[in-house]
Structure formats: C-alpha cells, structure tokens
Amino acid sequence: MLAYILFVLISLFICNWFQLLTFASAVFQGKIEKEKIKDKWIYETVLQKTGLRLLDITLFKDIRMYGMMAGFRAWPKMILSEGIYKNLNKDELEWVILHEAGHCVLRHNLKSFLIELSFIVLGILFIYFNKLNLLGASLLAIILSLLCIQAIRWLIEYQADKFSIERVDDPKAVISAQDKFRKSKYKNLFSSEKSVLRFLLHWNISRSKRISMAKSLSSK
Ligand SMILES: [Zn+2]
C-alpha cells in the first residue's frame, strides 16, 4: 500500500512542482505578497479576443516572470507575476494574457488533470502487476512524471501558445517577449534554453519554438 501512496505523491509533486511551490509561497507561507489589480485593458482584451469574462486578476509580487490560470472556464481567475506585468509592454503582455485565457477556453485544467490521472493509473497498474517495492515505485514515479510533463507540454502548452499567437495584434511582440525572458534578472537552473532541467521539468515549450511559431504566423 505504501508503494502506491509514495508513487502518487512523487508523481503529483514532480508534475506540478512549480504550481505547488508558487502557491505554497503565496498562500501558506506568505512569502509572495498578493494584490488584486483592476486593469481594464486586460479584462477587455481577453473578453474581445477569447470571449472569456475574467472574474479577477491577482498580481503575485514575484520577480520571476510567469502567468497562471486558477479556476475553470466558468470561474476564470488570472494570476500574473509582477515580473511579467512590469517588464512586458502591452503588445508583449497580450501574448501572455491570451495564452492564459486560452488555457481556460480550451479547458486545459481539466485536460492536464486527465493526463496526469492516466499516467497515475498506468503506474498503479504497473506496480500491482510487477509487485514493485518502494524503490521500484519511486523510480517508476520519476520516469512516468517526466513523460507526463512532455505530454502536457505538447498537448497543452503548445496549444495555448498557438491559440494566443494566432490572436495577438502583433506577433513580433511575442518574439521580443521571449528576449525579455532570456534577459530576465532572475536566473536559475531553468533559465537557459539548453538547460536539461528545463527540458525535463518545465511545462512550457521553448522560447525558440515560440519564436518560430510567431514568425510563421506573422509572415502569413
Ligand atoms: Zn501555459
């Protein structure tokens, strides 16, 4: 029984570490301050271009650059980090808010839940039929989680970027935004495009892939 519990916990943590750690520092530890913002332009742009009526927008006072969507299509709440909100200009920010809204419109929270669930069910069956011990179950959790992240990247994050880049006013701003990510003051093991950890553990598609998508759409 312990092997199953360990497998599920390790899998959930590896697949969702960024969201879990960020929410924990915002909600429980109070390390990241939060503030509701009333940016009329964001509400109107999202409504006009995606049909989504945002309930609210929360600013996480964090120098890292990211956006997130909490809630569901019927209850859409957007989260933006101060790093992204202050560093990007309007055209660049449009790509971010449409990407986040795209996650809601395309029901990505539900889809990522189902993707993770299928990997977990697969793992549980594997543990059951092969009678894996704790070590085996832990190793399996690591391997399946890394595969799950790849599935999420190509089934969800790629789709959200496509949704967004097709709708932005200026695809060139998507390219300049990638440059700002590259030059961001906040550096860690995930910052470099060639980082193995980034490839293994980050949901997002690479900056150069986004740039080539924006280029091919702006030339149409
Ligand atoms: Zn995304």
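Helices (H or I, at least four residues) and strands (E, at least two) are DSSP runs, numbered from the N terminus. The structure is a predicted model, in which local features need pLDDT of at least 70 and side-chain atom pairs count only at pLDDT 80 or more, while totals for chains, interfaces and linings use all residues. Residues are numbered from 1 along each chain as its sequence is written, and side-chain values use heavy atoms, with hydrogens and water left out.

**View 1. Histidine 108 in its helix.** Histidine 108 belongs to helix H5, residues 108-130. Its relative accessibility is 2%, which counts as buried (under 20% relative accessible area; exposed is over 50% and partly exposed in between, with a 1.4 Å probe and protein chains only). Apart from residues up to four places away in sequence, histidine 108 touches Gly102, His103, Leu155, Ile156, Gln159 and Ala160, where contact means heavy atoms within 4.5 Å.

View 2. Histidine 99 and glutamate 157 are buried.

**View 3. The largest nonpolar core.** A nonpolar core is a set of buried Ala, Val, Leu, Ile, Met, Phe, Trp, Tyr and Cys residues joined through side-chain atoms within 4.5 Å. The largest one has 28 residues, of which Ile42, Val46, Leu54, Met78, Leu80 and Trp95 touch the most other members. Two or more residues each come from helix H2 (40-50), strand E2 (56-60), strand E4 (75-81), H4, helix H7 (171-183) and helix H9 (207-218). H4 gives the largest share, seven residues. Beyond its neighbours within four places in sequence, valine 46 contacts Gly51, Leu52, Leu54, Met78, Ile97 and Ala101. A second, separate core has 21 residues, including Ile14, Ile115, Leu144 and Leu201.

**View 4. Strand E2 and its partners.** Five of the five residues of E2 are buried, so the strand is largely enclosed by the rest of the structure. Asp56, Thr58 and Phe60 cover one side, and Ile57 and Leu59 the other. Strand E1 (residues 34-37) runs antiparallel to E2 and is joined to it by four bridges; strands pair if DSSP finds at least two bridges between them. Lysine 34 is opposite phenylalanine 60 of E2. E2 also pairs with E4, in the parallel sense and over five bridges. Leucine 59 has leucine 80 of E4 as its bridge partner.

View 5. A disulfide is a pair of cysteine sulfur atoms within 2.5 Å, and the count here is zero. For cysteine 15, the nearest cysteine sulfur is that of cysteine 148, 3.7 Å away. Cysteine 15 is buried, at 4% relative accessible area.
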